[in-house]
Amino acid sequence: IIPSKDNPQILKKCLDSLQGLDNIEVIVVDNGSTEENRKTIEKIVGDGKYLYRPMLFNFSEMCNLGVREAKGKYLLFLNDDIETCGTNWLDKMKEKAAQDYVGAVGLKLYYPQSEKIQHVGITNLPVGPVHKLQFAEDNRSYYFDRNKGSRNYLAVTGACLLIEASKYAEVGGFKTNLQVAYNDVEL
């Protein structure tokens, strides 16, 4: 499920990076692209589902709309600017998400064309939730290898989040009163 608006070139890179994955259903939720971009996005999405719903930006509502159309056991939420690497990352995420004690699963995210960490999980500080190790170069170990391997965190970012559909339903999905931020933390 990929929320997107007026970013066909960026969305295409995201969708291209998903090529080669088996048994995935792509759902793009567009909250009001221009007519020209809408036509381009429809072509880019191809056999996937394209939900065009003009509305004010509300990440939570866009994700929930996509879920209503999804048929899979797992729900993967991606920002349209995410480009995945490799082929077995989704299987590894599903393996973790299938555990009874796991809520949501995320991946280590880098800033474009770098190994600068954008996200390895969310931690809570006195100022509120923050991305752990954001802006750190991933060329050494931090906090006893918190940037290496699988780790348990308070939350993961909605930029790349996998959850079993049954768990998503159990918690009631994304809260729409959190339109832009903290909806992933709350989930």
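I began with contacts, meaning heavy atoms within 4.5 Å. Among the contacts in the protein chain with a separation of 6 or more, 61% join residues 24 or more positions apart.

A note to myself on ground rules: this is a predicted model, where local features need pLDDT of at least 70, side-chain atom pairs count only at pLDDT 80 or more, and totals for chains, interfaces and linings use all residues. Residues are numbered from 1 along each chain as its sequence is written, and side-chain values use heavy atoms, with hydrogens and water left out.

**Whole chain**

I looked up the secondary structure and found six helices and ten strands in the protein chain. These are DSSP runs, numbered from the N terminus: helices are H or I with at least four residues, strands are E with at least two.

Next came size. The C-alpha trace spans about 50 × 35 × 35 Å along its principal axes. The radius of gyration is 16 Å, which agrees with a compact globule because one of 187 residues would have a value near 16 Å. That radius is taken over C-alpha atoms, and the globule rule is 2.2 Å times the number of residues to the power 0.38.

How much of the chain is buried? Buried residues make up 41% of the 187; buried means under 20% relative accessible area, exposed over 50%, and partly exposed in between (1.4 Å probe, protein chains only).

**Strand S4**

I turned to S4, residues 74-78, and saw that four of its five residues are buried. Its partner is S10, residues 160-164, and the two run antiparallel over five bridges. Two strands pair if DSSP finds at least two bridges between them. For one example, I noted that Tyr74 has Glu164 in S10 as its bridge partner.

**Helix H3**

H3 covers residues 59-69, and nine of its eleven residues are buried. Among them I listed Phe59, Met62, Cys63, Leu65 and Val67, along with Glu61.

What do the buried residues of H3 pack against? I found strands S1 (2-4), S2 (27-30), S3 (49-52) and S4, plus helices H5 (165-171) and H6 (183-186).

**A loop glycine**

Last, I checked Gly20, which is in the loop between helix H1 (8-17) and S2. Is Gly20 buried or exposed? Gly20 counts as exposed because its relative accessibility is 65%. I also looked at Gly86, 66 residues from Gly20 along the chain, and their C-alpha atoms are separated by 9.6 Å.
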